[in-house]
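Dear colleague,

Please find the structure for your course work below.

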Amino acid sequence: MNTIPVAEVKSATRSYRSGARLVRALRGVSLTIGAGEIAALAGPSGSGKSTLLHLIGCLDRPDSGEVRLGDLRVSHMRAGALAAVRRDRLGFIFQSFNLVPVLTARENVEYPLLLTRIGRSERRSRVDDLLDSVGLHSKADRRPHELSGGERQRVAIARALVNQPSLVLADEPTANLDSVTGAAVLDVMEDLRDRRGVAFLFASHDPRVIERMDRVTRLHDGIIVNDPQLEAAACA
Ligand SMILES: Nc1ncnc2c1ncn2[C@@H]1O[C@H](COP(=O)(O)OP(=O)(O)OP(=O)(O)O)[C@@H](O)[C@H]1O
Ligand SMILES: [Mg+2]
């Protein structure tokens, strides 16, 4: 059993300059994600969920504090090294799916592996295996516009997993899906967690997502709230 957390944030702060104003998006946030855990960041719009996901995803750095992924202190690494960390350890799923319209489902899933040294036969077997896992084997040759919203999201999940990451970050992954499809997408993620030990961290407003998580961390104005009254406000 791996006891090192997949991700650890310690007292992270991040502010944005907006004209003359300073927006304090994160004001000292600490969070740990264990291997194989499915966790959510909840909280109202503007509370700092995406900012925190970007720090953990090595897409941005904290102004102070620390971010670790496994044994790496990523908050203090250079941009070039961070690109390799993203490629090798992380998967990303965004609200808008970000599929390449001219590529088939199979090609979209395979795409991140073209940037690695993994050979063609290994690529094909990983892609087929993942398309099976998300129930899309029979639609592998369709392009995104020939798929439903839920099917597109499942292609995006398969693509996020093709590099065999230890952590997948998902920003509002069910926001564009009806509740039945959103639940089916979550089923796929839970199954992948159970069979492959992948950890997931979601940012979500969706109460149907939140209630299915192992753990929910609520943000409010850039801090984690544990106070029940603030928590009630953050849920509203
Ligand atoms: N690039 C930026 N420049 C200036 N301010 C920003 C920038 N990105 C985010 N912010 C501000 O930082 C705060 C946190 O934003 P963030 O996107 O993390 O919130 P969020 O919880 O993801 O919200 P939502 O639920 O609407 O996606 C907000 O006040 C937002 O306006
Ligand atoms: Mg957001």
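**The sheet and its helices**

Strand β3 (residues 38-42) and strand β8 (residues 199-203) run parallel and are joined by 4 bridges. Strands here are DSSP runs of E with at least two residues, and helices are runs of H or I with at least four, numbered from the N terminus. This is a predicted model, in which local features need pLDDT of at least 70 and side-chain atom pairs pLDDT 80 or more, while totals for chains, interfaces and linings use all residues. Residues are numbered from 1 along each chain as its sequence is written, chains are lettered from A and ligands numbered from 1 in the order written, and side-chain values use heavy atoms, without hydrogens and water.

Within the pair, isoleucine 38 stands opposite phenylalanine 200 of β8. Helix α1 (residues 49-56) packs on the sheet and touches β3, β6, β7 (167-171), β8 and β9 (215-220); contact means heavy atoms within 4.5 Å.

The open sheet has 6 strands in the order β6-β7-β8-β3-β9-β10, with mixed pairing; two strands pair if DSSP finds at least two bridges between them. At the edges, β6 (90-93) and β10 (223-224) each pair on one side only.

**The residues of a pocket**

How do the residues lining the largest pocket divide? There are 9 nonpolar (Ala, Val, Leu, Ile, Met, Phe, Trp, Tyr, Cys and Pro), 3 charged (Asp, Glu, Lys and Arg) and 4 polar (the others, Gly among them).

With kind regards

Conventions. Axes fitted to C-alpha atoms, helices over the stretch in contact; angles between N-to-C directions.
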